[in-house]
Amino acid sequence: MDFSLTKEQELLRDGLTKFLSTRYELEKSRAAAKTGAGWQPDIWRGFAEELGILGATLPEDAGGIGGGAVEAMVIAEALGHALVVEPFVDTVVVAGGLLQRAGGETASAVLEKIVEGTALVALAATEATSGDNWRDVSTTAEKDGADWVLRGEKVVVTSAPLAGHLLVTARTSGGRDDEEGISLFLVDLSAVQGGLTMHAYRTIDDRRAADITFDGVRIPGEALLGEEGRAWPSIARARDEGAAAVCAEAVGAMRRVLADTVEYCKQRHQFGTPIGSFQVLQHRMVDMHMEVEKSVAATYLAVLNLESDEMVRARAVSAAKATIGRAARFVGQNAVQLHGGMGMTEELAIGHYFKRLTALQYEFGSTDHHVSRYAQLTRP
């Protein structure tokens, strides 16, 4: 596959890589994730004001640059390489894409704030009984005068504790698993008067997430984004865009894990010689390298097909997510094994990367889900 970045995309990658290498310390970010607010607001402001990456993929009329999926891939890979916990994929890729397609004054105003770095947005789509099936929506939205009233529960809403706005999927008609009848609502958390309960927690990979209950939450009529009951196509696309972005993030993380493992094997001595000289371990690292390269190719395939028709896009994304899921498991586990007991300590970066690679296998659909979806989409 011949895939070359433009000069502008190379500048974007190099500028972000330099920023992260000089400003983003792993020890400091882990401390913020564990004891502070869960992120570093000054880093987010730097993304917006110094680098402009928060608007790199968003439209020009919202203050963005008007880039596309390749720019999102370049950014996500660099963020994965540095193990950044700030919610770029959740806010810019997923929520930004949904808001852009929805259109309207309300969505445009929030898009502008995302570009400025003053708004964080999280998508609340998963429910306790739905698993990987985002069409299985039991949360309801009922019209009450000029307002809407939300009732239901969402689980593992990543970035929700950090966000000022939620994008909530709710059913306004149809059965629980129907595509028709799913609507999308923008909830301004600062304007909610009551009925919303958020149980926040830290995930295994030092991200922030929450389980949210909507018990008669009243929101204004303009909170409905797009046409009532017709939000599913945009939600399905946003999920695929998020999956492609985390595939790129996983590639960045695996590149770092592989490089650290090779370097460790050069330095670690056993029987008076570096363990990297043992042929069996060399073979293991070659296998890790091959998994990374397969992941790179699969990610390119997914990214280049995000603008294709729904079936082609879904096949490419599921193929990539399944490939990445297996590769992340193989590379992460072997890296920890080659590091020995040191691989799971807090002192080494490898343990933190391993946790992130484990979590990435389940974001925007598990590996098993995407294997099953690919099989269904390629059935004669």
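This note goes through the predicted model point by point, from overall form to single residues.

1. Overall form. The protein contains 11 helices and 10 strands. Its C-alpha trace extends over about 80 × 50 × 40 Å along the principal axes. The radius of gyration is 21 Å, which agrees with the value near 21 Å for a compact globule of 380 residues. Of these 380 residues, 52% count as buried. Among contacts between residues at least 6 apart in sequence, 72% join residues at least 24 apart.

2. UniProt, in an unreviewed entry, lists residues 6–117 as "domain: Acyl-CoA dehydrogenase/oxidase N-terminal". In the model this span is 71% helix and 0% strand. Its end C-alpha atoms are 26 Å apart.

3. Helix H3. Within helix H3 (residues 41–51), the buried residues are Ile43, Trp44, Gly46, Phe47 and Ala48. The cover over them includes helix H1 (7–23), helix H4 (69–82), helix H5 (88–102) and helix H6 (105–116). Residues three or four places apart in an α-helix point the same way, because there are 3.6 residues a turn. After H3 comes Gly52, with a positive phi near 75 degrees.

4. Nonpolar core. The largest nonpolar core holds 118 residues. Leu20, Phe47, Leu99, Leu150, Leu167 and Met254 have the most contacts inside it. Helix H7 supplies the largest share of this core, 18 residues.

5. Surroundings of Met254. Which residues are in contact with Met254, leaving aside its neighbours within four places in sequence? They are Val292, Ser295, Ile324, Ala327, Ala328, Val331 and Leu357.

6. Strand S7 and its partners. Strand S3 (residues 147–158) and strand S7 (residues 208–220) pair in the antiparallel sense over 10 bridges. In that pairing, Asp147 stands opposite Pro220. Strand S6 (residues 196–202) also runs antiparallel to S7, joined to it by seven bridges, with Thr197 and Thr213 as bridge partners. S6 and S7 form a hairpin with five residues between them. In the turn, Asp206 has a positive phi of about 65 degrees.

7. Salt bridges in general. The model has 24 salt bridges. One network of salt bridges links Asp205, Arg207, Glu249, Arg356 and Glu363.

8. Arg135 and Asp177. The side chains of these two residues meet in a salt bridge at 3.7 Å, N to O. The pair links distant parts of the chain, 42 residues apart. Arg135 sits in the loop between strand S1 (121–124) and strand S2 (140–144), while Asp177 sits in the loop between strand S4 (165–171) and strand S5 (182–188). Arg135 has 25% relative accessibility and counts as partly exposed; Asp177, at 39%, is partly exposed.

9. Arg151 and Glu142. A salt bridge joins these side chains at 3.8 Å, N to O. Arg151 counts as partly exposed, with 40% relative accessibility, and Glu142 is partly exposed at 46%.

10. Glu241 and Arg237. This salt bridge has an N to O distance of 3.0 Å. Because Glu241 and Arg237 are four residues apart in helix H7 (residues 232–267), about one helical turn separates them. Are the two residues buried or partly exposed? Glu241, with 12% relative accessibility, counts as buried. Arg237 has a relative accessible area of 23% and is partly exposed.

11. Ser277. This residue lies in the loop between strand S10 (273–274) and helix H8 (279–304). With 39% relative accessibility, Ser277 counts as partly exposed. Ser277 and Pro380 are 103 residues apart in sequence, and their C-alpha atoms are 49 Å apart in space.

Conventions
Residues are numbered from 1 along each chain as its sequence is written. This is a predicted model: local features need pLDDT of at least 70, side-chain atom pairs count only at pLDDT 80 or more; totals for chains, interfaces and linings use all residues. Side-chain values use heavy atoms; hydrogens and water are left out. A salt bridge is a side-chain nitrogen of Lys or Arg within 4 Å of a carboxyl oxygen of Asp or Glu. Helices (H or I, at least four residues) and strands (E, at least two) are DSSP runs, numbered from the N terminus. Buried means under 20% relative accessible area, exposed over 50%, partly exposed in between (1.4 Å probe, protein chains only). UniProt positions are given in the numbering used here, feature names are shortened, and annotations may be inferred rather than shown by experiment. Contact means heavy atoms within 4.5 Å. Two strands pair if DSSP finds at least two bridges between them. A nonpolar core is a set of buried Ala, Val, Leu, Ile, Met, Phe, Trp, Tyr and Cys residues joined through side-chain atoms within 4.5 Å. The radius of gyration is taken over C-alpha atoms; the globule rule is 2.2 Å times the number of residues to the power 0.38.
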